[in-house]
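Here are some notes for a colleague who is opening this structure for the first time. Please keep the model in view while reading.

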Amino acid sequence: MSFDFDTIHPRLGTGSTKWNRYPPDVLPMWIADMDIAAPPAVLQALRERLDQQILGYSVAGPDVRDAIVADLWNKYAWRVQPQDLLFLPGVEPGFNMALHAFVQPDQPVVLQTPNYRPIRLAPGHWNLPKIEVPFELLDGEYLTPLPALRDALAGAGAFLLSNPHNPMGKVFPREELLAVANACLEQGTLIISDEIHAELCFDGRRHIPTASLSDEIAQRTITLMSASKAYNVAGLKTCFAVIQNAEIRERFNNARCGMVDSVSPLGLEATRAAYSQCGEWLDALKHYLQANRDYLLEAVQTRLPGVVMHAPQGTFLAWLDCSALGLDDPQQFFLEQAKVGLSAGIEFGDDSQQFVRLNFGCPRALLEEGLQRMERALRTR
Ligand SMILES: Cc1ncc(COP(=O)(O)O)c(C=O)c1O
């Protein structure tokens, strides 16, 4: 079966966060949702759910739980039980709940930089100190400096991991992930593993859930996953936590504190359909995104002189180093001169002012339009 990822779906005026931020002459390539239609099977499941005509408060039944349990086994050989799953309206509320539930005052939270802004902001929401450990760049690969990580973890309350990593698209290989997880175990640090981009790995790479590494690691890990990125249903605000330690699960659930509610019937239905009926669609999407990644990489190398990009190993996000351009503010430059709305590097790390993040989860024609605009702006500056 073939799927269409090339059609441009006009999103102006649809209440899209992405398309609402800037004036209509700006092409938005910032926030992490795709300009690609959700899978036909998800849309059909939603239509059928609407036909029931009643949209009351909902719980996750065996159908959605079983679909996820089977998917985690099929994709990652990770065996979890239906009762290990808790449903939440987002991964961001999930890692905030975890910090609130488990980290004592004055215990630092450790995370790697650059990193997704809400991860960087989370410790501050709970007045917790944070230690940022920068990745090291070696031969085009971002690597975890283990000695620095170990130092940071001494006395820490939690380690907040992003894998596959936003913004660099790093897919942690087993050896590195194991070393990171073991460093946390040695210190008794809770691992909060944000795996929202899990499905989107390129070049035959496979995502490894942190908790699947060993039973011991699983007992210290809260995993956060969602259909929202890979199946492009982020607006349905539905995610799930996988917590195999019953005590941690209960304490985490109690941290909803009347602020983090149950999820919607449409979100649950989309999640069920995504995990049980969209395997072929997902394979085709990954193929398309990987080709977009390659197209972008080639274009950056040949048409955007001064911009450096290392091929992301997953996600639909590219992390562009604009240092050689000598601009005060690359995000502002591309916004004003190219009319392309990128994410500013400074959001991801204090040392990332010279970076921008570009979202290539879009039809190829839109990607090309963005590239042409950026190329022209660089040529005429
Ligand atoms: C790494 C990462 N975590 C969490 C989120 C947000 O997840 P949610 O919308 O489920 O809160 C995003 C969205 O871009 C993300 O990239």
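The points below take up the basis of the model, its sheets, its helix contacts and the ligand.

1. Basis. This is a predicted model, in which local features need pLDDT of at least 70 and side-chain atom pairs count only at pLDDT 80 or more, while totals for chains, interfaces and linings use all residues. Residues are numbered from 1 along each chain as its sequence is written. Helices (H or I, at least four residues) and strands (E, at least two) are DSSP runs, numbered from the N terminus.

2. The seven-stranded sheet. Seven strands form an open sheet with mixed pairing, in the order S2-S10-S9-S8-S7-S3-S4; two strands pair if DSSP finds at least two bridges between them. Its edges are strand S2 (85-88) and strand S4 (130-134), each of which pairs on one side only. Strand S3 (residues 109-113) runs parallel to S4 over five bridges, and Val-109 stands opposite Lys-130 in S4.

3. The four-stranded sheet. A further open sheet, with antiparallel pairing, has the order S11-S12-S15-S14, and strand S11 (308-309) and strand S14 (343-344) are its edge strands. S11 pairs with strand S12 (residues 317-321) in the antiparallel sense over two bridges, with Met-309 opposite Leu-320 in S12.

4. Helix H2 against helix H10. The axes of H2 (residues 40-51) and H10 (residues 265-277) come within 9 Å and cross at roughly 140°; axes are lines fitted to C-alpha atoms, for helices over the stretch in contact, and angles run from 0 to 180 degrees between N-to-C directions. The two helices H2 and H10 are therefore oblique to each other, given that angles under 35 degrees count as roughly parallel, over 145 as roughly antiparallel, 65 to 115 as roughly perpendicular and the rest as oblique. By class, the contact of H2 with H10 has nine nonpolar, one polar and three charged residues, where Ala, Val, Leu, Ile, Met, Phe, Trp, Tyr, Cys and Pro count as nonpolar, Asp, Glu, Lys and Arg as charged, and the others, Gly among them, as polar.

5. Helix H3 against H10. The axes of H3 (residues 62-76) and H10 come within 8 Å, crossing at roughly 35°. The contact of H3 with H10 has five nonpolar, two polar and three charged residues.

6. The ligand. Which residues come nearest to the ligand? Of the 13 residues around the ligand (C-beta atom, placed from the backbone, within 6 Å), Ala-32, Gly-90, Val-91, Glu-92 and Asn-166 come nearest. The shell divides into six nonpolar, five polar and two charged residues.
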